[in-house]
Amino acid sequence: MKQSIHISGMTCNICLEKVTKSLYSIQGVVDLKIDLESGNVNMEVSDELPLNQIAEVLSPKYKPSFIDQTKKKISVTIPSKTKELFPLFLIFTYLIVGSILLQKDNFSIPSLMFDFMGLFFIVFSFFKFLDYGGFAIAFAKYDPIAKRSIYYGNIYPFIETILGIMFLIRWQLIIALITTSVVLSLTTIGVIYNLFNNNKIDCACLGTAIKLPMTKATLIENILMLVMSISMIFYQLD
């Protein structure tokens, strides 16, 4: 079927190439033609695409709108990044508070970091188990190992759960820290690659139950955990 929309913000051929690539990344888009001067896009699609779905794959610079029969454009409301990332910020707040409360009368930075990493893995694995099959598919879109083997995506929530328990009960910490460093290093490489190429995909860190766009906040989250694990390896070996 044919679908016509309008996309504002395109000013040059580079914009045209970026928008074309983004639109073709949507499943169901068979063919499309973009008129740069007017901003009108004529697409051949298997099913009509919601404007929100189109907006998700486009850079914030480009604003899609629907052209109705009276030729009046109806713009789509795109949620702010702060609103989209609010669940992640809220979870991190709870993790920090929970880690501090676990210290009781024996507060120490190493203990705080172990408890934080333990709670982090337990909580994040919980969200992945909410849609177990869907997580593996979403994770394979950016993790370099999960791309090559769906089995890795299937066992990843279990790996996080085991790591979380190991940190909370202080069991085999060196093994847990090394495993964390390796796993997060691989995932971080995938995140950096997709951010660098401006690929509009969802982050699977909270599974698929909570829709979370992959942004620089995702990269910061991974780097934070990676730095913590590496620093604690040196602390344990000291």
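**Aromatic pairs, helix packing and an enclosed cavity**

Phe126 is partly exposed, because its relative accessibility is 48%. Here buried means under 20% relative accessible area, exposed over 50%, and partly exposed in between (1.4 Å probe, protein chains only). The model is predicted: local features need pLDDT of at least 70, side-chain atom pairs count only at pLDDT 80 or more, and totals for chains, interfaces and linings use all residues. Residues are numbered from 1 along each chain as its sequence is written, and side-chain values use heavy atoms, with hydrogens and water left out.

Phe126 forms an aromatic pair with Phe127. Rings of Phe, Tyr and Trp (its six-membered ring) pair if their centres lie within 6.5 Å; planes under 30 degrees apart are stacked, over 60 edge-to-face, and the rest tilted. The Phe126 and Phe127 pair is edge-to-face, at 5.3 Å centre to centre and 75 degrees between the planes. Phe127 counts as buried because its relative accessible area is 15%. Phe120 and Phe121 are also paired edge-to-face, with 5.4 Å between centres and 85 degrees between planes. Both of these residues, Phe120 and Phe121, are buried. The count of aromatic pairs comes to 18. One aromatic cluster is formed by Phe92, Phe114, Phe116, Phe120, Phe121, Phe124 and Phe167.

The chain holds 10 helices and five strands. These are DSSP runs numbered from the N terminus (helices H or I, at least four residues; strands E, at least two). The C-alpha atoms fill a box of roughly 70 × 35 × 30 Å along the principal axes. Of the 238 residues, 44% are buried. A contact means heavy atoms within 4.5 Å. Among contacts between residues at least 6 apart in sequence, 63% join residues at least 24 apart. The chain exposes about 13,400 Å², and carbon and sulfur atoms supply 64% of it. Accessible areas come from the Shrake-Rupley method with a 1.4 Å probe; for residues, only the protein chains shown count as cover.

Helix α6 spans residues 132-139. Its buried residues are Gly134, Phe135, Ala136, Ala138 and Phe139. Their cover includes α5 (109-130), α7 (144-148), α8 (150-169) and α9 (173-196). Thr180 lies in α9. Thr180 counts as buried because its relative accessibility is 1%. Leaving aside residues up to four places away in sequence, Thr180 touches Phe121, Leu163, Phe167 and Ser229.

The loop between α8 and α9 contains Arg170 and Gln172. Most residues other than glycine have a negative phi. Arg170 has a positive phi of about 60 degrees; for Gln172 the positive value is about 50 degrees. Arg170 is partly exposed at 32% relative accessibility, and Gln172 is partly exposed at 40%.

One cavity of 30 Å³ or more is counted. On a 1 Å grid over the protein atoms alone, a cavity is a set of points where a 1.4 Å probe fits but cannot get out; lining residues have an atom within 4 Å of a point. Grid points are joined across faces, edges and corners, and a volume is the space filled by probe spheres set on the points. The largest cavity holds about 130 Å³. Its lining has 17 residues, of which Tyr156, Thr187, Cys205, Glu221 and Asn222 are the closest to the centre. Elements giving two or more residues to this lining are α5, α8, α9 and α10 (216-237). Helix α5 gives the most, with four residues.

Definitions and conventions: 1 Å grid on protein atoms, 1.4 Å probe; cavity = no way out; pocket = protein on both sides within 12 Å on 5 of 7 lines; lining within 4 Å.
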